[in-house]
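Hi there,

Here is the structure I promised to pass on. Please have a look, and then read on for my notes.

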Amino acid sequence: MDSRAINLRGIAGNAGKNIMQGIGGFVFGNENNASSEDSHVERYLDRISNGKIAEDRRSAMTELQSLVAESRQAQMAFGAMGFPVLLNILREEREDVELIRGALETLISSLTPLETSNGSKNEIQAASMNSDLLSRETDNISLLLGLLSEDDFYVRYYTLQLLTALLTNSPKRLQEAILSIPRGITGLMDMLMDREVIRNEALLLLTYLTREAEEIQKIVVFEGAFEKIFSIIREEGASDGGVVVQDCLELLKNLIRHNTSNQILLRETIGYDPLVSILKLRRGSAYNFTQQKTVNLLNTLETVELLLIGGPAKDSSKQDNQTSFAQKNILSYLLLLGVESQWAPVSVRCMALRCTGDLVKGNPNNLKQLANKQVGEEPHLIPALNAVLSIALRTQFIQEFLSADYVIKCFCEKNPEGQALLALTISDTNSLSVNPTEMTNLPFGSMLLQALVGFASNGDSETCCRAASALSHILKDNLQCKEKVLKIELESPIPSLGLTKEPLLHQIVKYLALISSKLSKEKTQNQTFQNQNSPSYLLPFLLKLLVIWLENCPSAVSCILSQPTHLTYFFELISNPNSDIYTSGLTALVLGQCVIYNKNTENNKDPFAIVDSISQKLSLTSYFTKFDELAKTFKSSLSATSAQAAKPLSRTNTAGMIDTQDTEENEDENQNIIRGENENPIFLEVFDASFVGFVSKLEKEIREGILGIYGNTKSKVLVLPAELEQRNGEVDGDYVKRLRAFLEKQCNEMQDLLARNATLAEELVHTGTVADSSSKPNTNIKERVQTETLRRDLLEASKLIENLKSENSNLKSESSNFKSLALKLESDLKSLSDAYNSMEQANIQLEKEIKDLRNPNVERMREEAREEAQRESEGELNDLLVCLGQEQTKVERLSARLAELGEDVENLLEGIGEDSALQEEDEDEDDEE
C-alpha cells in the first residue's frame, strides 16, 4: 500500500504539475489563473491516492468531481495528472462501490464540455483533450467495458454514460478500440436486456457507435440487434411511444443505411411486418398527433425510404425490398398517411408521399398496383393517382406539392404503358367550368386539363404551372403521348382571326406570355420582391414542359412555328432584362429545338431562317452565353444539393421538422419561395440531376446542329445573275466559255464563304471568343477576311501535312509488311531446297541398289549357293541312312536274343513307335505354345 501511494503521489506530483502547467498555460494563456485550480486538483488526488480513511477518500472524490464539473481549468489539470489515479482505483478497488461510483462521475465530468461567456471560438476544449487522452490506450476502454459486468446498478449506468461521452468527443478512436477488444460489442448488446434506464442508455450508446462503422454494424446485427430493437419498440407502444422508440428507429437506420447485407438479413429473418405495423393508424379526421408521435412516424418512414432506395448494389436489393413491402400492403398505409390523412402533419404527409414514389419507381407490379388503387371510403372512392394530382394542384404547402409531383414522376418514369393510360384521359372536354370542389370526381386527364387551361378564366397561374409539371412527366420520352396530346384542341381564351379553337400547345405559349407580362408589370410598378405576388418559378415550369414536349417531336415544332408570333415572343422573353437565368436558358433551348427538330421546308420556317433570326435578333454570342449561364447555375445547384443533403433524423435535428402547429411557419416559407429568397427547394427538385443531364445532351446537339447549318447552303437559288443570259451576237462557243469562267468564279467564292462560315461558327460554338459584329461597328472587315483566309490556308496546309504523314505512315507499314513477307518466302524457299536435296540423295541411293540388283554376277552367285546347299543336304542324308542301318542291325540282334529268351518281340515293339510319336507331338505342341 505504501509503495502504491508513493508511486501515485509521484504521478500526481511534480511531473504532473509541470505537464498541467504547460498545457494550461498554452490553452488559457495565464499560468497564474490556473495555479489555484491546479493546487486543488493536486490536493484532492493526493487525498484519494494516499488517504487511509475510506470516508475521507470518498469525500475528496466528491469534492474533486464538483470542481471538475464547474471549472475548465480544473478539467485541464485533471486531464494532466488525474487519469492514472482514478483508472487505478477502477482497476484495483472494485470492492469499494461508492469510490468506484465517484471515480466514474468524475471521469464523466472531465469529458463534459463547459461553455463560458468570454470563451474564444478557437480555444481548445479541455473535454476533447481529456477524451483523447483517455481513449488513446485500448486497455482503458477494455477496463470500462469490464465494469459493465458489475452488479451495482450505478456503476453500470455511469460506465455507459462515460462511454457515450467518449464517443461524442472521439468517435473514430473509440470505435477502433471497441472493435479490437474481444466480445466488447457483445457486452454492450447485453445491456439492452438490463433494467429500463440502463437499456435506454445502452441504446443511445449503440446509436452513436454504429454511425458510419460498417464492421460494428455487422457485429451488432449478428448479436441479434433487429429482434431486440423491435421488441423494445413493441414494449414502448410503437408510434405512440416516447423518445426510446425514436432511439430504436435511429439505431435501426444506422444498421441498414447503405448496408446491403444487413438489409437482406432484416428482410429474410424478421421481415418487414414489425416496421409496417408502426405505420398502421386508424382513420379519423379528429385524430390528434403529438410531437413525439410525429417524430416516430417520420423516423419510421425514413427507415422505409432507406430500404426502398436500397444499398450500394441498388438494382437487386431495391427490387426485392419493393416487392417485400408491397406484399405487406404498405401502399395502403402510405396512402392513408400521405393522401387521406389531411389531419396528419405536413412533414408526415410529404414523407409518406415520397415513400409511395420510391415504392413504385421502376417496379412494374407496384406500378400496376398504384394505377388500380383507390382511396377514401365507400361510396366516395376515387383513384389514388387522382387524389395525388389533386394534392399537387391544390395544396398550399410547396413541399407537399413537390412530394405529390414526385409520385407522378416516379409513376411515369420508364413506364410507357402508364404514361399512355394517363394520356388517354386527356381529351377535349366540356368540364372546364367544373367547380373546383368537384375536380376530384373528374378523370385524371380532365382534372389536369382543367387546371392547365383554367388560368384564362380564374388567373390562377400557380395551379396552371403545377399542372404543366405533371403533364411534362406524362410526355417525357414518349412520342406517342406527345402526338396524342398535340391533337387536343380547345376553345381559344383569346379569339383571334375568327379562330374559335386552337391546339393546347398554342394555349400554353399564350399562358407563358401572359404570366411573363404579369411578372414584368409587377416589377415595372416599382414593386420589390418582398411585395411580389407571383412565384418566381412559374415561367421555368412552363418552359420545362415545352422543352420536354419539343424533344425529338418535329410535329410539335411545326405546331409552334405555325404561329409567327410565337418566335417573336421567345426572342422577347430571352432578351428581357427581367428574365432570370432559368427562364432565358430554357427559352434558348426551345429556340434551339426549333432548329434541330425542324422538318419544315418553307422559307420563313426552315432551320436556316430560325438560325438567321437568332443571329440577327440576339447574336450567336449572346445566344450561346445563355447556355453557359444555365449550365453554370445547374452545376452550382447540384453542388448545393450534395452539400445540403438531408441529414438523418436524430434528437438534435427533429425539433425543426415538427410541424403539428406550424401553419404560419409554412406560410412564411412559401412567401420566401415566392419572393425568390428560398428558391433552392423547388428548383433543385424540378431541375434534378436527370433533367440537367438531358439539358446538357440537348445543348450539345443544338450547338452541333447550328454548326452544321453554317457549313451548308440552301438548295434553292433565289436570284439568277445577269451573266447567265446569252448576249446579243455572242457565239455559242464564247458563251459557253464565259459561263464556265463565271461558274468557276462563283464556285470558288461560295467555297470560301462556306469555309469561312464554318470556321467562324465552330469557333463561336466551341469557344465563344468571336465578338459580336453589331457591338463593334468599326471592325476592319478586310483584315478579318484576310485573317480568316490565312487561317483557312493554314488549316488546309495542316490537313495536307497530316495527309502526307498518314501516307508516309501507311507506306512504312506496307514496307514493313513486304519485308516480313519476303523473309517468310525466303525461309519457305530454303525449307523447300533442303527437302529437294534430301529427296535427291534418296533417289541416288535407290538407283544404286536397283543397278546392283540388275548385275549378272548376282545370278551366278545365286546358282553357286544353290548347288552348295544341295551338296550339303545330300551328305547329311547319307549319314542319316548309315545311322539308320546300324540301328536296324542292333534291333535285329536284340530281337533274336529276346526270341531265344522266350519273349514276345512283337508285343514289345508295338508301343515304341507310338511313344516316340506322342513325345514328338507333345514337343511340337510345346513349341507352338
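Below is what turned up when I went through the structure.

One thing to keep in mind from the start: this is a predicted model, and every value here is computed from it.

Let me begin with the whole chain. Its secondary structure comes to 44 helices and 4 strands. Of the 929 residues, 45% count as buried. The accessible surface is about 49900 Å², and carbon and sulfur atoms account for 51% of that area.

Next, the interior. In soluble globular proteins, nonpolar side chains tend to be buried together. Here the largest nonpolar core has 219 residues, and L90, L188, F325, W549 and Y623 are the ones with the most contacts inside it. Helix α32, covering residues 538-550, gives the most to this core, with 11 residues.

Leaving aside residues up to four places away in sequence, L188 touches L145, L148, L160, L163, I178, A202, L205, L206 and L209. Helix α13 runs over residues 196-209 and also holds L204. Is L204 buried or exposed? With a relative accessible area of 16%, L204 falls under the 20% cut-off, so it counts as buried. L204 and E250 are 46 residues apart in sequence, while their C-alpha atoms are 9.2 Å apart in space.

Helix α24 (residues 384-394) is worth a look too. Because 10 of its 11 residues are buried, the helix is largely enclosed by the rest of the structure. The buried residues are A384, L385, N386, A387, V388, L389, S390, I391, A392 and L393.

Finally, the cavities. Which residues line the largest cavity? They are L402, D405, Y406, K409, H473, K544, E685 and V686. By class, that lining has 3 nonpolar, 1 polar and 4 charged residues. Helix α25 (398-412) and helix α39 (680-686) each supply at least two lining residues, and the largest share, 4 residues, comes from α25.

Happy to go through any of this with you.

Best wishes

Key:
Residues are numbered from 1 along each chain as its sequence is written. This is a predicted model: local features need pLDDT of at least 70, side-chain atom pairs count only at pLDDT 80 or more; totals for chains, interfaces and linings use all residues. Side-chain values use heavy atoms; hydrogens and water are left out. Buried means under 20% relative accessible area, exposed over 50%, partly exposed in between (1.4 Å probe, protein chains only). Accessible areas come from the Shrake-Rupley method with a 1.4 Å probe; for residues, only the protein chains shown count as cover. A nonpolar core is a set of buried Ala, Val, Leu, Ile, Met, Phe, Trp, Tyr and Cys residues joined through side-chain atoms within 4.5 Å. Contact means heavy atoms within 4.5 Å. On a 1 Å grid over the protein atoms alone, a cavity is a set of points where a 1.4 Å probe fits but cannot get out, and a pocket is an open set with protein on both sides within 12 Å along at least five of seven lines; lining residues have an atom within 4 Å of a point. Ala, Val, Leu, Ile, Met, Phe, Trp, Tyr, Cys and Pro count as nonpolar, Asp, Glu, Lys and Arg as charged, and the others, Gly among them, as polar.
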